[in-house]
Amino acid sequence: MGLVDYPSSSEDDAPEPPSKRRKGQNDASESKMPPLPTAFHDLYASTVRQSTVDDPSLHQGRKRVNPHVAGNWPTHLYVEWHPTKAQHDILEALVTRAQQELGDDTKLHNFLTSELGTDLPLHISLSRPLSLSTSIKDDYLSRVEHIIRNCGTGVFSVKPEGLAWYKSPDSNRTFFVLRVVSTKAVKTSSDRTLPKTSTNPELMTLLTRCNKVATHFGQPPLYQQTQSEAADEAFHISIGWTMGAPDEETCLKVLKFFRAGEFKDIRTWNLEVDGVKAKIGNTVSHLPLVGKEKTMTDGAGSIDSLYSV
């Protein structure tokens, strides 16, 4: 992975953009509306395709990690998070403050709002962007459903731990991210003779199993552990991105915003993880987390042996 190894970390008054909802009466009426069911968001999780070929001019200069190939299905596994209105506003203020620090020469795009001004869900990746052929996509989904159903984590929560800049290994983009850790994580002892405790045991369980299915189908895994960084420290939520990489001094200044008073509430958030999303083409499947840890064989051997290659 390679999150930039920076330490974990007052918005100026600015005119309100036209697309932003006004506080007051509108917010009061919104608060009385029941939340939309999860399945509703899945129905509208994809944007309309604007071109059948890779055209960076349609996507702020971005290029596809996997070029579109007729008959192949772009695929992604992830945990989805829908920030509340208050959380969204704080994240939007954070990105705005970061943009002010970066200056006019560096454009920081955000993942928070659509071009029409609609609040967008955010996510924690559990796979790379994959490309599956028609002949294997159904089998892939079936196996992912099985390993998620039997993973044994049950519903769990994570919390923001800090900010970071992540340089993509697949493109010239640098992502502005919230690092996350499990709410049950135990801090690692400074005594090197003691075993290290994972900061994200539940996400690591999901990642290990999702990677096993990916490699079974000849797809690249996500977040391989290196000598400089453990895979369990790589989980994050991207909230913005920019082309190239900002200078180190500016990066450090932005990361310190995480400890700033105006953004202190971020450190108190608990993000519930109740399932995994599998997006294959334009179809999104919600795979719920159920039960507690136990041995499942399904009459076909252990889960590890079932998907070993």
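Select Tyr-78 and Lys-277 together: Tyr-78 stands opposite Lys-277, which lies in strand β9. The model is predicted, and local features are described only at pLDDT of at least 70, side-chain atom pairs only at pLDDT 80 or more, while totals for chains, interfaces and linings use all residues. Residues are numbered from 1 along each chain as its sequence is written, and side-chain values use heavy atoms, with hydrogens and water left out.

Strand β1 covers residues 72-81 and runs antiparallel to β9, to which four bridges join it. Strands here are DSSP runs of E with at least two residues, helices are runs of H or I with at least four, and both are numbered from the N terminus; two strands pair if DSSP finds at least two bridges between them.

Now colour β9, residues 275-280, by accessibility. Five of its six residues are buried, so the strand is largely enclosed by the rest of the structure. Buried means under 20% relative accessible area, exposed over 50%, and partly exposed in between, with a 1.4 Å probe and protein chains only.

Continue to strand β10, residues 283-288, which is antiparallel to β9 and joined to it by six bridges. Ile-280 stands opposite Thr-283 of β10. The hairpin of β9 and β10 has two residues between the strands, and Gly-281 in this hairpin takes a positive phi near 65 degrees.

Which residues does UniProt place under the feature "active site"? The unreviewed entry gives His-123 and His-236; such annotations may be inferred rather than shown by experiment, feature names are shortened, and the positions follow the numbering used here. They are spread over 114 residues of sequence, yet they cluster in space, with a largest C-alpha distance of 8.2 Å.

His-123 is partly exposed, at 34% relative accessible area. Beyond its neighbours within four places in sequence, His-123 is in contact with several residues, including Tyr-78 and His-236; contact means heavy atoms within 4.5 Å.

Then move to His-236, in strand β7 (residues 236-243). His-236 counts as buried, at 7% relative accessibility. Its side chain makes a polar contact of 3.4 Å with that of Tyr-223 (a pair of N or O atoms within 3.5 Å; within protein, one must be able to donate a hydrogen and the other to accept it, and residues adjacent in sequence count only if both atoms are side-chain atoms).

Finally, display the whole protein, which has seven helices and 10 strands. Of its 309 residues, 40% are buried.
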